[in-house]
Amino acid sequence: MNESRLMTINMGPQHPATHGVLRLLLELDGEVIVKATPHLGYLHRGIEKLAESFTYNQVLPLTDRLDYTSALGNNLAYCLAVEKLLGISVPKRAQYLRVLLAELQRIAAHLLWLATHALDIGAMTMLFYCFREREEVLAVLEEATGARLTPSYIRVGGLARDVPPSFFTLARKFVDRFPQRIDEYETMLTKNIIWKKRTQGIAPLSAADAINYGVTGPVLRASGVNYDLRKAYPYSSYEDFDFEVPLGKNGDVYDRYLVRIIELRQSNRIVIQALENLPEGPVLSDAPLITPPDKEEVGKDIAALIRHFKIAAEGYTPPVGEAYGAIESPKGELGFYVISDGGNKPFRMRIRPPSFINLSALPKMIEGELVADVVAAIGSLDIVLGEIDR
Amino acid sequence: MADPAVYIRERFPQAVYASGEAKGINYVTIAAEEIVPVLQALKEEQALSFTMLTDLFGVDYGSGPGRFEINYLLHSFRLNRRFLVKIRLNEGEEPFSVAHIWQGANWLEREIYDLFGLRFRNHPDLRRILLPDEFIGHPLRKDFPVEGDGSPFVVRLEEEGP
């Protein structure tokens, strides 16, 4: 083919539909994409390098900023890895609260995904509907953690503090009304002929290709592969909860949409179960060298003051070893591989970024397709540049 | 129940340097030259079927022989378990690419090249992925300071395209 016939289009890094600072170089033959080359790194902040200079607790706020649509999930994955390294277990109440918060966070992340994905395709109403619910979820999370986007609430050993009683009222109110809201979204999109024409058969990814690229999360499940870490490698008492994992058939944009909508419903189910079955008890492990004492104690008791000071200033030293802690984040398998050399800072902290690996399959999905479908394809992958670039 | 560590020891006895377990995940450390046949066997052996490359990442131990370690974290749907393969490399050694076994390895190897400076032999497209193309240095190496090495960040406009 004659090189000069191909037109090169640059998409990004500033672009409303790339969901972050992603740059895509598209070589087109007419309207058909011949080659797509993603250029990354516009949000690279060196988090893995920074982690080697921070104590284990200081690293935690960095994890909020990876997949910033789902911060509590990142906290949880990191804490699972460090808790494995330390060999400590987390009390049941903390585990159930972690599940509750992680699923609320999954709802928030999927709502943001649906809002922006539909907006990119042209259905602007969805943005307003989904963000209305997302505001409610963020208000619930703020009640517990004090922050909407950077909670740093799931800590090594449990949680930063117990949730206040007002949290349960707000959470209950949300989950009671949410299923009807999902029905509203489905009414607008699922059988909508315009939506179906823009998403069915678009950017397909076969199951074999998905596995070969290492794709995980809703994209993998939409291609028909039953792999959800909450079922395959259960963590934080997920085995106590009753929920289904939706699978798609065709691996196209429409199937990824349906999988995430069903996941919204299932997450709501899990939150209701967590609210109803929440055990009493402490929310921090009984590990005095690792978990800080109660704030009231620190003001009154010298031993608590010393303990608090030591943990804040020096931190703790996990034994030499390596551990991998992974969760099913809204984007896929988010894993932290932490290597300890016996010191108070991680020797190496590797972040297994689901969006990065899912994005590597994008050229496969759009080469040979029309340029008008690129936006739908990127949206269906649900990528977050914070996690891709770290 | 098929055990990948036992299988590798039996099929590639000369290649295995060590084996062990890291908090629930079994691993083997093998000779870097054997990485392609070992990973191919782990993927294709029916009883094992480690068809998913969950992660591929590097570690810099700072100095000495075997300074760099590359970890291949695999997952088998058939066995529902993970397995880790490690190789160690000296300064200047070039590992073999496994991008032809798993497409996902392509970008992951590029990231290791970008941040550690390890060149992968037979890689289809070895270039930086996160840092700018003109960047000099490999920041995840232990001898690269976390504050940066002081080189200026050059911003230039690209030439017009074809």
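Tutor: Buried means under 20% relative accessible area, exposed means over 50%, and partly exposed lies in between (1.4 Å probe, protein chains only). By that rule A:Y235 counts as buried, because its relative accessibility is 7%.

Student: Before we go on, what sort of model is it?
Tutor: This is a predicted model, where local features need pLDDT of at least 70 and side-chain atom pairs count only at pLDDT 80 or more, while totals for chains, interfaces and linings use all residues. Side-chain values use heavy atoms, without hydrogens and water, residues are numbered from 1 along each chain as its sequence is written, and chains are lettered from A and ligands numbered from 1 in the order in which they are written.

Student: Okay, the interface. How many residues does each chain give to the contact?
Tutor: Chain A gives 45 residues and chain B gives 46, with contact meaning heavy atoms within 4.5 Å.

Student: And what area is buried between chain B and chain A?
Tutor: About 3,800 Å², with carbon and sulfur atoms giving 59% of it. Buried area here is the accessible area (1.4 Å probe) that two parts lose on being put together, summed over both. On the chain B side, B:R82, B:W107 and B:L130 supply 19% of what that chain buries against chain A, more than any other three residues.

Student: How many salt bridges and polar contacts cross over?
Tutor: The rule finds six salt bridges across the interface, each a side-chain nitrogen of Lys or Arg within 4 Å of a carboxyl oxygen of Asp or Glu. One of them joins B:K86 and A:E322, at 2.8 Å from N to O.

Student: Which element gives the most on the chain B side?
Tutor: Strand 3 of chain B, with nine residues touching chain A. Helices (H or I, at least four residues) and strands (E, at least two) are DSSP runs, numbered from the N terminus.

Student: Switching topic: how many aromatic pairs are there?
Tutor: Rings of Phe, Tyr and Trp (its six-membered ring) pair if their centres lie within 6.5 Å; planes under 30 degrees apart count as stacked, over 60 as edge-to-face and the rest as tilted. Take A:W195 and A:Y257: their planes stand at 65° with ring centres 5.3 Å apart, so this pair is edge-to-face. A:W195 sits in helix 7 of chain A and A:Y257 in helix 11, so the pair ties together parts 62 residues apart in sequence.

Student: Are those two buried or exposed?
Tutor: Buried: A:W195 has 3% relative accessibility, and A:Y257 has 0%.

Student: What does A:T190 do with its side chain?
Tutor: The side chain of A:T190 makes a polar contact of 2.8 Å with that of A:Y257, and another of 2.8 Å with that of A:E186. A:T190 lies in the loop between helix 6 and helix 7 of chain A, and is buried at 12% relative accessible area.

Student: Last one: how many residues of helix 16 of chain A are buried?
Tutor: Eight of its eight. Just after that helix, A:D382 takes a positive phi of about 55°.

Notes
Polar contact = N/O pair within 3.5 Å; in protein donor to acceptor, adjacent residues only side chain to side chain.
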